[in-house]
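Please examine the sequence and the structure shown below before reading this report.

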Amino acid sequence: MHAMQQTSNPDRSPWLTAIQVADLFGVSRNTVRNWANDDRIPHHRLPSGRLRFRRDEIEPLLGESA
């Protein structure tokens, strides 16, 4: 019997960094930080102060027009 190995794909992590969100939207990391600070996009702040974004909350926004 073979045990199933679970391989994780870092490109499909449920969490995104500000840089990854910036790449998705074609904007700078500072723009993403401003959006988060203005509560224009859903975000989560780590105890370290860094921002993280849930992929399932960000991807639906990609289809919206500004």
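The report covers the strands, a pair of helices and a pocket.

This is a predicted model, in which local features need pLDDT of at least 70 and side-chain atom pairs count only at pLDDT 80 or more, while totals for chains, interfaces and linings use all residues. Residues are numbered from 1 along each chain as its sequence is written, and side-chain values use heavy atoms, with hydrogens and water left out.

Helices (H or I, at least four residues) and strands (E, at least two) are DSSP runs, numbered from the N terminus. An open sheet is formed by three strands in the order S1-S3-S2, with antiparallel pairing; two strands pair if DSSP finds at least two bridges between them. Strand S1 (15–16) and strand S2 (44–45) are the edge strands, each pairing on one side only. Two bridges join S1 and S3 in the antiparallel sense, and arginine 54 in S3 is the bridge partner of tryptophan 15.

The axes of H1 and H2 (lines fitted to C-alpha atoms over the stretch in contact, with angles from 0 to 180 degrees between N-to-C directions) come within 8 Å and cross at roughly 105 degrees. H1 and H2 are therefore roughly perpendicular to each other, a term that covers 65 to 115 degrees. The residues in contact (heavy atoms within 4.5 Å) are listed here.

| Helix | Contact residues |
|---|---|
| H1 | Ala18, Ile19, Val21, Ala22 and Phe25 |
| H2 | Arg29, Val32 and Trp35 |

Thr17, Arg33 and Gly49 are among the residues lining the second largest pocket.

Terms used: 1 Å grid on protein atoms, 1.4 Å probe; cavity = no way out; pocket = protein on both sides within 12 Å on 5 of 7 lines; lining within 4 Å. Parallel < 35°, antiparallel > 145°, perpendicular 65-115°, else oblique.
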